[in-house]
Amino acid sequence: MVFAKLGSHISRQHSQESPMNSTPTRGHALIKEMEKYYILSPVENIYSYHLFMVPIEQNRTGKRCTWIVVFASLLVTVNLLMQFSLLAIVGPYVLQKNVNIISSIRHQGEAPWERWVNYVSGAEASEEKCRDSRSLCYPSGDRISCAPPSIQVLEDWNLLDTNGDGVWSRSEAEEQKHRARIQCHHNVDILVLFDDIITDLKEHPRLHNRLHSNLTQGLAVHRAYFDWYIGEPMMCMYGDQDMCGALFARGVFDGALSSQGLRTARSERGISELQSARDYCASLLSERCEDLLPSTFRVWKVTSLEKCGQKSFEPFMYDPPDHSPRQWMLSVLYDQQEEYSKSRSLAFRVFLAVLMFTFFATMLEEANAIFLVFKWVYVCPDIDDAPVHMSHRGAVLFVNLIRSSLFLLLFYSGAIFLTEDTRYLHLIFDALSLVFIINIDEILYASLLRKQMKQEFEELPPVMMKRKASQFMNIMALELLRLSGLILFTILVAYSHVTGTMETLREALQCVCSVDGPQCHEAVTYSSAWW
């Protein structure tokens with residue numbers, strides 16, 4: 001529409017200047033005109049209708065306020081209210097949802113703007129913030145740890161035995177500063193954990209008449225008892241009894257089922273053959289873990305299962321180390337884990353890049369329209385030989401400032417909106433939702449203006465505003481540069497999102513759902529050799 005009008009305007013100009021029409025072609029004339037002028041053409045939206053028709057109507061009637069002026073102003077007001085209302089509702093929801101998705105799975109620390117505010121306010125010297133209960137995974141050296149908080153504490157004996165004498169005493173657990181520090185860093189009450197371990201050891205049937213007096217009196221836990229006890233709580237980090245198949249496949253029970261370890265397994269854990277090992281695993285993960293560990297384990301288990309999503313199963317054949325007959329078992333797969341694994345596929349990356357390119361291209365066109373309106377406000381040329389009153393110039397500037405604010409909010413919210421999901425259909429619907437919000441001004445124009453009003457408006461000539469031609473490249477080279485920049489920007493955003501946020505969440509879900517992956521602290525530390 002814009003180029004058709006411009007072409008018509010140029011052809012009329014050239015027919016007047018050169019009747020023989022023998023020099024540059026129409027295409028050449030179009031490019032030359034674009035190099036000389038910024039071209040503000042009537043386009044089919046409410047903003048453009050308000051900008052063009054108000055001064056024309058005022059000049060035609062000699063009145064500041066007419067029905068068309070009021071109508072155009074009301075349309076702009078309704079459009080701004082609709083766009084602002086939708087963004088005010090959807091924007092915070094999208095941003096908060098994105099933060100919740102990421103922070104509930106993997107702790108990210110402070111956002112850059114939070115660090116900047118803390119630096120400016122001098123808060124960087126304040127004490128470290130305590131861990132909240134929202135995130136399942138936290139940094140652990142170069143890796144992440146997604147185990148229940150109580151197990152993260154039990155992993156480090158030096159965190160319990162503060163004086164290094166090989167005994168974890170009640171006095172160490174009761175020490176107020178140390179207890180507060182553990183509560184802050186791990187969200188676990190170390191004294192409650194101490195009492196739970198004492199109770200479990202005292203009530204264990206296979207430790208009857210084998211306990212030290214310090215333990216029976218609830219005074220201390222010796223390192224030997226702790227090492228014997230820690231095996232079962234560590235297995236609880238697998239969370240759900242459906243993970244038992246994966247434990248057998250990874251060799252967790254190979255030592256217990258081997259000829260060398262079967263005697264110890266029978267006396268200590270009641271494991272005598274494969275079926276009893278399966279019963280032991282199912283009983284531990286389904287019931288006993290909640291008795292062994294504090295209430296924080298229950299919270300962790302429910303939350304992790306919710307984040308991992310629905311289960312699906314794949315059968316596999318397990319070959320026991322004692323050379324007994326092979327048996328069928330099931331390995332569990334989680335829905336969300338598979339969804340985020342999809343981000344590694346080329347198909348998903350191309351799909352996401354196409355959606356983002358379309359969105360960014362639409363926003364670039366919107367930014368160009370906003371810029372042209374600001375240029376018009378600055379130059380303020382006549383519209384179809386109708387002089388523009390200062391009041392209309394101010395009104396257009398005010399509207400364009402609000403439009404710019406909505407543009408920034410929509411650009412940021414839309415980019416997050418298109419990157420917070422991994423399901424193809426959901427992404428398509430998200431993109432359609434953004435298109436609806438962006439095009440409200442065009443929808444109102446198409447539906448609320450009568451045909452005669454549209455025809456009068458659309459036949460107006462474009463406004464030509466002089467521009468300084470580039471000395472280094474022509475207008476088409478600039479257009480090519482803009483297109484190349486848009487493609488490069490889309491690739492960078494999509495790549496950084498896939499390799500950054502989505503890969504981070506994929507690793508975290510792999511760790512919390514399956515206790516697996518090279519970045520998972522528990523998977524690397526507690527391999528089959530450890531078990």
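A disulfide links Cys511 and Cys520, with the two sulfurs 2.1 Å apart; the term covers a pair of cysteine sulfur atoms within 2.5 Å. The torsion about the S-S bond of Cys511 and Cys520 is about 55°, so this disulfide is right-handed. Both cysteines, Cys511 and Cys520, are buried, where buried means under 20% relative accessible area, exposed means over 50%, and partly exposed is what falls in between (1.4 Å probe, protein chains only).

A quick word on the ground rules. This is a predicted model, so to speak of a local feature takes pLDDT of at least 70 and side-chain atom pairs count only at pLDDT 80 or more, while totals for chains, interfaces and linings use all residues. Residues are numbered from 1 along each chain as its sequence is written, and side-chain values use heavy atoms, with hydrogens and water left out.

By the sulfur distance rule, the count comes to five disulfides. Here are three of them, including the one above:

| Pair | S to S | S-S torsion | Hand |
|---|---|---|---|
| Cys137 and Cys146 | 2.0 Å | about 110° | right-handed |
| Cys308 and Cys513 | 1.9 Å | -105° | left-handed |
| Cys511 and Cys520 | 2.1 Å | about 55° | right-handed |

Now for the sequence span of one of these links. Helices here are DSSP runs (H or I, at least four residues), as are strands (E, at least two), and they are numbered from the N terminus. Cys308 is buried at 2% relative accessible area, and Cys513 is buried too, at 3%.

The pair of Cys137 and Cys146 is also tucked away: Cys137 has a relative accessible area of 0% and is buried, and Cys146 is buried at 2%. For contrast, take Cys65, which is exposed with a relative accessible area of 55%.

What does Val512 touch, leaving aside its neighbours within four places in sequence? The contacts of Val512 are Leu136, Cys137, Cys146, Trp300, Ser304 and Cys308, with contact meaning heavy atoms within 4.5 Å. That list has cysteines from two of the tabulated links: Cys137 and Cys146 are joined to each other, and Cys308 is joined to Cys513.

Val512 also turns up in the largest nonpolar core, which has 131 residues: along with Trp168, Ile197, Tyr238, Phe253 and Trp376, Val512 touches the most other members. A nonpolar core is a set of buried Ala, Val, Leu, Ile, Met, Phe, Trp, Tyr and Cys residues joined through side-chain atoms within 4.5 Å. Helix α20 (residues 346-379) gives the most to this core, with twelve residues.

Last, the backbone. Most residues other than glycine have a negative phi. Val515 has a positive phi, near 50°. This valine sits in the loop between α25 and α26 (521-525), and Val515 counts as buried at 5% relative accessibility. Cys380 has a positive phi as well, near 55°. Cys380 lies in the loop between α20 and α21 (390-417), and at 16% relative accessibility Cys380 counts as buried.
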